[in-house]
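Hi,

Here is the structure I promised to pass on. Have a look at it first, and then read my notes below.

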Amino acid sequence: MKLGKILGGINFYADSELLKNEILDIKTKSDEVREGDLFIAMKGVNSDGNDFIADAFSRGAVAVLSDSKSGENIVQVDDARKAYSLASKNFFEKACDSLHIIAVTGTNGKTTTTSLIYEILKSSKIPVGLIGTEGVKFNGKKVETGFTTPDPYLLHKLFKNMKDEGIEYVIMEASAHAIALKKLEGIKFDIGILTNITEDHLDFFGDMEKYAKAKLDFFDNKNINLGIVCYDDDYARSIIDKAGVPILSYGLSPNSDVHASEIKSEFDNTSFSCRCLDETFFIKTNLVGKYNIQNSLASIMACRALGIPAGLIQTNFRYIQAVEGRFNVIKYMGLNIVIDYAHTPDGIEKVIETAREITKNRVITLFGCGGNRDRQKRKIMGEIASKNSDKVYVTSDNPRFEKPMDIINEIKEGLSGDYVICEDRATAIALALADCKEGDTLIIAGKGGEKYQDIMGVKHQYNDFDVVHNYFRNKFVEIKGGENDL
């Protein structure tokens, strides 16, 4: 594709002859540049792509796009990140413009809400794709990306692949980082959903006001056609009057456009009466907890807005399973073990509250906090876990490049009452399981369905489900007297 075509819709300054060059690919890392590529020089947290312009040219870059450098074969732009998104869109033939795209943003609930909409549309025989934390799904394929919201190049490549395979609708998670870093520039969403805004990512945004503003800025008519916002969340509700697009609300409050009543919850399922604008229908779902009712309501409102009949939504809900790592329940000898991805103050509080409502005896909570992430929430999560649980086990999560005990000690500042510190996560889970008695619920929070533990830049094989199943398997062997008895 000609460079001039790739730069369509971007404010730039460049030599007219340069625009006639054929571009084979777009790269953001100079060591990946090959002959005929366009190199995008962007400032990052730890490095500046502008420092690698010479290296990119030495490897065969035809041109470099930059917002801070000028010179021969350099395209000057106002904002390199914005330009990167638009250039990626152009390079992949503006495939996103041919798709109906629904974005879900918010601190918690994105993965479950996107999955619900995806499953309902899929069951309705609508060609649909999914992009999010759990990877990419379409036409029976699954691709892992490692991102909640992929970088623009990969995102638009996925759009192009989906369009070429007949996909018409795409449901995707839109992270706060993706919005702030302009990864979604140039995409017009049919629907934008806001689940909630609670404390997270303050290491990046600085404070809650800036974090909330990033969400508010997204709800503008240049980005989306219709907004669907959770009425129960204070920050989210404040957006309703400020948003630059029509808004529908959902929640447990009867003031919402779609709301729930007559709620009944068990460890296996939840049921409720759903009032959606001028319709009322009954929903029974395998998802558990009030926060999952909110996620369900968001998906119901989105599907009705897309024209899916209420009866079809009602039927599909009975068969949709919980997303892996989102309030998954393992039952064993009168115990309930809940594995959940909750890794924010609001997330862990909601999971504990849900377990408390349906637990006969004690609620025991095991969790840790991720390294090299928002440190402010560590003490707060310790306080919440101690206040709402009968006993707390604090352990390692994904320490990344921090020492696990440094993280644990910051959590410890908020702990009170009965708690145990154990750095090794598998050992901590074994101790907590051994501590459980009939009628207790053990919540294992933070990692959900993750298949690794990130330690010093290395992703070691690890999974909370495997640890729990192996514990009970070994217990069974002990009781039976050895492997030969299995």
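The strands involved are β6 (residues 100–105) and β10 (residues 169–173), which pair in the parallel sense over 5 bridges. Strands pair if DSSP finds at least two bridges between them; helices (H or I, at least four residues) and strands (E, at least two) are DSSP runs, numbered from the N terminus.

A word on the source: this is a predicted model, where local features need pLDDT of at least 70 and side-chain atom pairs count only at pLDDT 80 or more, while totals for chains, interfaces and linings use all residues. Residues are numbered from 1 along each chain as its sequence is written, and side-chain values use heavy atoms, leaving out hydrogens and water.

Both strands belong to an open, mixed sheet of 11 strands, ordered β9-β8-β7-β10-β6-β11-β12-β13-β14-β15-β16. β9 (141–143) and β16 (279–285) are at the edges with a single partner strand each, so one side of each has no neighbour in the sheet.

Now the cysteines. Searching the whole structure gives 0 disulfides, a disulfide being a pair of cysteine sulfur atoms within 2.5 Å. For cysteine 422, the closest cysteine sulfur is that of cysteine 436, 15 Å away and therefore too far for a bond. Cysteine 422 is buried, with a relative accessible area of 13%, and cysteine 436 is buried with a value of 13%. Buried means under 20% relative accessible area, exposed over 50%, and partly exposed in between (1.4 Å probe, protein chains only).

Happy browsing!
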